Amino acid sequence: MKLSNKSIRSIKITFNVMFIAIITFELVRETFFSIPEDWLFFLTSDAVENFVFALIAYGLYYYVLKLKDLWKKIGLVSLFIFLLIGLAWLKDFRIHDRIEFEQSFEYFTSFLGQSLLFYLGIYFINRLEYLNRYKKLEKELYRAKEQLLRNQLHPHFLFNAFNSLYSLSLKNHPETSDYILKLSSMMRYLTDETHIKKVPLVKEIDFIKKYIDIEKMRFGKDSSIQLTNVGNINDEELIAPFLLITLVENAFKHGFYTNSKDAFVTINVNIENKELLFTVENSLFKKQHFQESNRKGKGLENLKQRLQLLYPKNSSLKFTNTEETYTAHLKIRLH
């Protein structure tokens with residue numbers, strides 16, 4: 001639960017005022033009914049005991065523990081203990097007409113426990129802002145970790161993109177300039193959008209389309225690369241940025257490492273009941289040495305960590321493979 005500073009101040013004031021008011025009311029009422037007829041009964045009444053417990057609790061929290069002088073601390077704590085011992089003796093004498101060690105010690109331990117209980121109540125209420133601050137720090141740490149993981153993807157993506165650009169330049173490909181233009185557009189998305197917590201899903205899909213266009217330039221327009229959309233995707237569907245591209249990159253890395261005519265990558269986007277089903281399938285060849293254990297690189301591990309942070313109970317990532325295909329299945333509940 002996250003509380004505002006105003007709410008915390010209100011809780012602290014309300015607690016302390018009500019607590020002191022109740023203690024004071026009981027003390028005044030007991031004074032009215034017991035004094036001057038029975039001083040001993042008054043001094044050993046619950047009202048006086050609670051007053052002493054509250055006095056000790058407030059004294060410890062607001063004064064004693066803030067002292068820098070160790071001997072003053074020891075002296076005041078000793079005074080509080082002797083005060084409780086005195087109350088225990090008085091109560092034992094009033095009830096049994098004598099003072100016995102065992103009975104007095106039992107009263108003393110009870111008084112000490114109640115004093116500590118009062119202190120813990122005061123401590124907890126007055127430390128609410130620190131608990132709230134911890135929650136804020138925890139949230140900031142969570143954001144920083146997610147941002148770090150997200151930023152790690154950018155160099156990884158750019159490294160692959162520039163490798164593709166280098167490959168085109170070696171072939172003096174006529175569409176190299178168009179490739180650079182599309183890459184520039186994708187880099188703008190990286191810098192302008194991915195610092196935002198969530199972006200429209202349509203923008204992520206558009207980013208993937210540009211990436212596919214670039215890869216088609218690299219492998220040829222006749223290459224078997226397909227992106228299919230099932231279901232309506234509108235601007236209201238939001239997703240954490242730069243999640244989906246990792247699976248697409250991985251498919252091209254392992255499905256198009258060679259210019260085989262049978263190589264393919266198929267990407268399917270499906271929205272059902274506010275749930276995104278993102279499937280990426282790519283070809284495998286018998287000559288390849290890629291197995292599932294070898295494909296768990298930084299990109300996939302990074303993706304798994306981000307899903308755990310962003311959608312811990314609303315996502316699943318599974319991989320299936322045959323001798324000829326490798327498929328990634330990502331499911332995310334968007335709302």
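Here is a short chat about salt bridges and a surface patch in this predicted model.

Trainee: Hi! How many salt bridges does the structure hold?
Mentor: There are 7 of them in this predicted model. One of them joins the side chains of Glu49 and Lys91, at 3.5 Å from N to O.

Trainee: Where do Glu49 and Lys91 lie?
Mentor: Glu49 is in helix 3 (residues 46-62) and Lys91 is in helix 4, so their pairing ties together parts that are 42 residues apart in sequence.

Trainee: Is Glu49 buried or exposed?
Mentor: Glu49 is buried, because its relative accessible area is 4%, under the 20% cut-off. Lys91 is buried too, with 15%.

Trainee: And what does Arg98 meet in a salt bridge?
Mentor: Its partner is Glu100, at 2.6 Å from N to O. Arg98 is partly exposed, with a relative accessible area of 46%, and Glu100 is partly exposed at 33%.

Trainee: Which residue forms a salt bridge with Lys304?
Mentor: That is Glu301, with the closest N and O atoms 3.8 Å apart. Both residues lie in helix 10 (residues 298-310), 3 residues apart, which is about one turn of the helix.

Trainee: New topic: which residues make the nonpolar surface patch?
Mentor: Trp39, Leu43 and Leu90 make that patch, and it covers about 270 Å².

Trainee: Where is Leu90 found?
Mentor: Leu90 sits in helix 4 (residues 70-96). With 31% relative accessibility, Leu90 counts as partly exposed.

Terms used:
Residues numbered from 1 in each chain as written. Predicted model: local features only at pLDDT ≥ 70, side-chain atom pairs only at ≥ 80, totals over all residues. Heavy atoms only, no water. Patch = residues over 30% accessible without salt bridge, like charges linked within 9 Å, V, L, I, M, F, W, Y side chains within 5 Å. Areas by Shrake-Rupley, 256 points an atom, 1.4 Å probe, with all protein chains shown as cover. Salt bridge = Lys/Arg side-chain N within 4 Å of Asp/Glu carboxyl O. Helix = DSSP H or I, 4+ residues; strand = E, 2+ residues; numbered from the N terminus. Buried < 20%, exposed > 50% of the residue type's maximum accessible area, 1.4 Å probe, protein only.
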